Every structure is written in C-alpha cells, then in structure tokens.
Amino acid sequence: DDEPIMRSLLARVVEREGLRALTAASGTEALQLLEANQVRLVISDIVMPDMSGLELLATIKARRPALPVLIITGHASEFRKENVLAAGADGYITKPFKNVEIAQRLASFL
C-alpha cells in the first residue's frame with residue numbers, strides 16, 4: 001500500500017497472527033522484497049503510484065503462480081470483485097475493512 005498508515009495497520013494485523021510482515025510502498029518495492037525474501041502471501045492495494053495492484057498481481061502470478069495474492073481496494077465500484085478474482089487474485093477485500101477480516105483471510109491462506 002502506498003499509504004504509510006495502511007501499511008502499518010496491515011503489518012500489525014499480520015504480526016498479531018504470529019507472522020513476519022514485510023511492507024512496501026510501491027509495486028516495484030514489493031517485487032524487490034519478493035526476490036530477496038521467502039514470502040507466503042502478498043496483500044496489495046490496487047491503486048498505487050508506480051504500478052497498479054493489478055499489474056503487480058500479474059507480475060507475481062507470472063513468476064510465482066502458487067503464491068496467494070489478496071487484493072484490497074477502496075475503489076470497489078471501479079474494481080469489481082469478480083474482475084479482480086478473474087485477473088488472478090486469490091482474495092478481495094474492500095476498504096474500510098475490519099482487522100478480523102484480514103486475520104481470517106491470513107488463516108485461510110496459510
């Protein structure tokens with residue numbers, strides 16, 4: 001997510017579930033982290049400045065098809081769930097979300 005507050009919130013939720021969280025402010029930074037670390041799940045916003053979440057999703061799925069990608073968006077009217085899932089996302093959550101929603105999704109993927 002390109003928003004620092006959202007990255008921090010998501011990292012706290014992930015860490016409360018006993019997992020290590022890596023955060024990235026852009027799709028490019030996320031891809032660098034994926035290359036340098038063992039990652040079990042990606043949570044990405046759709047609207048980001050340098051690369052959209054859908055572009056990031058396509059790149060991840062081309063490189064690591066089995067890696068789960070959960071997409072979060074505050075633009076549900078523009079990015080419909082069925083289209084995002086058809087693009088290869090393994091999950092879809094709209095903002096604002098409840099922390100428990102993220103925790104449940106984490107548990108279902110890991």
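Helix 1 (4-16), helix 2 (27-36) and strand 1 (42-45) each put at least two residues into the lining of the largest pocket in this predicted model. That pocket holds about 660 Å³ of space. Its lining runs to 28 residues, and Ala21, Leu22, Val39, Leu41 and Val42 sit nearest the centre. Sorted by class, the lining looks like this:

| Class of lining residue | Number in the largest pocket |
|---|---|
| Nonpolar | 18 residues |
| Polar | 6 residues |

Besides lying among the residues nearest the pocket centre, Val42 belongs to the largest nonpolar core, a set of 19 residues in which Leu34, Val42, Leu56, Ile60 and Val84 have the most contacts. Helix 2, helix 3 (53-63) and strand 2 (69-73) are the elements that give this core two or more residues. There's also a second, separate core, with 13 residues, including Met6, Ala11, Leu41 and Ile102. Leu41, then, turns up in that second core and also close to the middle of the pocket, among the residues nearest its centre.

What does Val42 touch, once residues up to four places away in sequence are set aside? The list is Leu34, Ile60, Leu67, Pro68, Val69 and Leu70.

Now for helix 3. Its buried residues are Gly53, Leu56, Leu57, Ile60 and Lys61. They end up on the same side of helix 3 because they cover an arc of only 130° around the axis. As for partners, the buried residues of helix 3 pack against helix 2, strand 1, strand 2 and helix 4 (81-86).

Terms used:
Residues are numbered from 1 along each chain as its sequence is written. This is a predicted model: local features need pLDDT of at least 70, side-chain atom pairs count only at pLDDT 80 or more; totals for chains, interfaces and linings use all residues. Side-chain values use heavy atoms; hydrogens and water are left out. On a 1 Å grid over the protein atoms alone, a cavity is a set of points where a 1.4 Å probe fits but cannot get out, and a pocket is an open set with protein on both sides within 12 Å along at least five of seven lines; lining residues have an atom within 4 Å of a point. Grid points are joined across faces, edges and corners, and a volume is the space filled by probe spheres set on the points. Helices (H or I, at least four residues) and strands (E, at least two) are DSSP runs, numbered from the N terminus. Ala, Val, Leu, Ile, Met, Phe, Trp, Tyr, Cys and Pro count as nonpolar, Asp, Glu, Lys and Arg as charged, and the others, Gly among them, as polar. A nonpolar core is a set of buried Ala, Val, Leu, Ile, Met, Phe, Trp, Tyr and Cys residues joined through side-chain atoms within 4.5 Å. Buried means under 20% relative accessible area, exposed over 50%, partly exposed in between (1.4 Å probe, protein chains only). Contact means heavy atoms within 4.5 Å. The arc is that of the directions from the helix axis to the C-beta atoms.
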